[in-house]
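This report goes through a structure by secondary structure, strand pairing and chain contact. Please keep the sequence and the coordinates open while reading.

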Amino acid sequence: MRSTLAEKIMHRVAIVCGALFMIFLMTGCSAGSTIDTTLVINGDLSGTRQMNITISDSVFQEYFTGNIEDFNALMDGACPEGMTWNYSEENGVKQYDMEIAFSSPEDYKTKVENILGVESVDLTIAAPDTVWASGISVEESFNDKQLLKWMEDLLVNNGFVSSSNADMIFSVGTVCVVYGNETYSTGSMISVSQVDYVSVDAIHILTQINELGNYGRRVVVQIPASSMEKKGDEIKAYMDSVVPKGAKGEWSEGDGCTLFTVSADSLTAEQLEAFNRSVFDSENCSVTAADMSENSAPFTFDEYLTEHIDLTGYLAGNYSSIRVAYAIKKADSYYAYESRDGISKGYTGQPWEQYSGYDLYSDSYYYDSFVDFSTLIQKAYRVKELEVKTDRTLGGDWKRTLTFSLEKTPDEEEQAAMTEALEVRAGIAGAEEQPAESESAAGAETGTETDAEEPEKKADVKVSGKTSDDVYSVTITQKGSGEELEESSRLLFDAKTSVFYACDREFWKVKKQEAFTETLSFGNMLEYVTDGFQVNYTAKLGLFADMQYCTADSAEVKGGKLHATFSNNRVNITYVGSKIDVIAILFWIFLAVGVISLLVLLVKLGVFRKKEKPAAPAEASVVNAEAAPAEQSTVKEEAAEAKEEKTVSKFCEKCGTPRPEGAKFCEKCGSKFED
Amino acid sequence: MKRVLKQPAFWVTFFCLVLAVCTAVGSSLMNPGIAVLDKFEKGMNKGKTATVVSCFTPDVQAEMKALGELGDSLFDITDAGKLNILYGDVIKDEEGVSGVQAFLIYNQDGQCTEADYEEIDLEEVGGKVYLSAY
């Protein structure tokens, strides 16, 4: 039994020794040369990567075929851009010193990508030197053999080394990183993390929008008790030092942490940038505020606020993370949206109980060295009432007046901007027609009347603004056919609208049935309205209008006008009723008067006179002739008399006694002659 | 004749009747009717299937005839009242008459009970305008 155990032990020792021997053989014979690398990083993160290749004479003799001078001559042309090389020989040992010098980590990365012939490599160099973190952190995703692959190819392709020995040309020796006075050893792929840091729980970045271009900023840094215990005095000194001029720094105690708050009440975008640079202790912080009003509704003024905040003062490469929350407090009538481009509207935040009045937009852990916040801020003049008046002219054209009454009165500049924006939309003033536009803008207060965009469909559009009873209102007047109004509204509101009217066509009908329908949408004009907002709609109807049918529940006819209200920010109404047609009345009046006149005429012409009546003049003529037989009248005279007899009676109308010429009364009965 | 022309009543009659005629003609010209719609309206109100069918294009008429009798259900909407079609001017495109915007109004006892606004498709075949869709 004992010999068996001893044999087993001996057997195992033999296996281990054999394995060690094999490893020794493999390492000793696997490569012809050794690369020793030193990455030197300076305080400004510039530096050099030195790769020293050492080839012993025996190895050279065994594996190298040809002349070293010939090879060096080829090296000049083959060495990639960004790398330099030097050859030396001492005591039979040949040495190539390869070097990549860089001015910054970015420069280093570019050069390595060029040498490797790849689009991107992972390369991080960070050397934080703050109270939160100090030391060096280097991460690379490549090694020396990859960086010298071009040299290996040069040796093999030109026959200096057999292709069967290609894999054994280089072997990685020592790799170290030098930063300051410290040297850190690492593997073939450099990975050094020598960062000493104290953690920060969270940073809360609070933005108060006072008005467009004016912000309040508060940054609250939550420092855990453990960090304060470790470097409390250093942290306090540091935080006090980052408070910018004009801002306020305050220490307070929170739940298991210490809070430091830096705040400033009123900052422009430039001042906000300076604030961030100071608080985050980095020049790599930027703030931009761009006017985006041209993309917004006429009653809205937009600003795109973007913040780029460098967190490297609190982070060390990939070795720590920090929770950063971003919140916004808006003044009344202001709105804020996350936005990637300053046009689209994203998340609108949700109330954050921790900070009264603030809405939380973002709350995440950040591992990157920076954080970006992009916010679309809108200052909106809410519409409190919209009055729509639609009239139809006798010629069949339409006149529509839209009056938007705003909750607050904009300043003069904003009023002009609103009018101009609407004029641009309507095609009255074009963005490219600057000279004409400026004239239009100048006349905006009083209103400018020109044609709309489409040359073949032109509605007259007039835009004006006025303040009445402390309420500012913008009025748009559209005149034209239904199609012209439709096109005009499409340009103004970017929405489909329609208006159509029809009535009985029988011209003789005094009471006609009429119908009209109108659909109006206002696009983003009514994006912001007050509570209780409604559209007051009025349409002029025909004479003595009587409503029979209407799709709007609130519709009523008063004073010859249809009134209705809509609370859903759009108008959609179909009306049917009756009216009295003036033209039909005129027709009947003309006809009636004509017929009556005709009858009168016929009566006067004696068409309806009785046959007996003409007898009196005839008789009178006979009697007259008998009463004056002596008179030798000519035919002409008789005719004249006969004519006179038609107008003056020669007999008493009561008793029939002949009437002497010139007599005023009847000689028999005494009756007075009328004529 | 001279006696007639001297009468003021003659001139009143003349001008009034001329104005009445002008009013009638002008009104008619301003609101020209579309015969096929008037015919359709009459056909519907009188319940005459043949009249209604004749308003459609020959193709549609053939389809209707192939389907057989249209039945009384066609006139359900005009059983209780009257259909009144109020329409605007015809819409024309490159191919000629294409439609008309119209209100289809259902009246009962002279009062509208329902109204639909729609564009009625029209088609011109051999110079005659027909309803192109049933």
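## Model and chain A

How many helices and strands does the secondary structure of chain A come to? Chain A has 14 helices and 32 strands, where helices (H or I, at least four residues) and strands (E, at least two) are DSSP runs numbered from the N terminus. This is a predicted model, in which local features need pLDDT of at least 70 and side-chain atom pairs count only at pLDDT 80 or more, while totals for chains, interfaces and linings use all residues. Residues are numbered from 1 along each chain as its sequence is written, and chains are lettered from A and ligands numbered from 1 in the order in which they are written.

Of the 675 residues of chain A, 31% are buried, that is, have 20 or more other C-beta atoms, placed from the backbone, within 10 Å of their own.

## Strands of chain B

Strand 1 (residues 82-93) of chain B runs antiparallel to strand 2 (residues 96-108) of chain B, joined by ten bridges; pairing requires that DSSP find at least two bridges. A hairpin with two residues links these strands, and B:Leu86 faces B:Phe103 in strand 2 of chain B.

Strand 2 of chain B also pairs, antiparallel and over ten bridges, with strand 3 (residues 111-125) of chain B, with B:Gly99 opposite B:Asp121. In the two-residue hairpin between them, B:Asp109 takes a positive phi near 55°.

## Contact between the chains

The contact (C-beta atoms, placed from the backbone, within 7 Å) takes 29 residues from chain B and 26 residues from chain A. On the chain B side, helix 2 (8-30) gives the most, with twelve residues.

Notes:
Buried ≥ 20, exposed ≤ 12 C-beta atoms within 10 Å, placed from the backbone. Contact = placed C-beta atoms within 7 Å.
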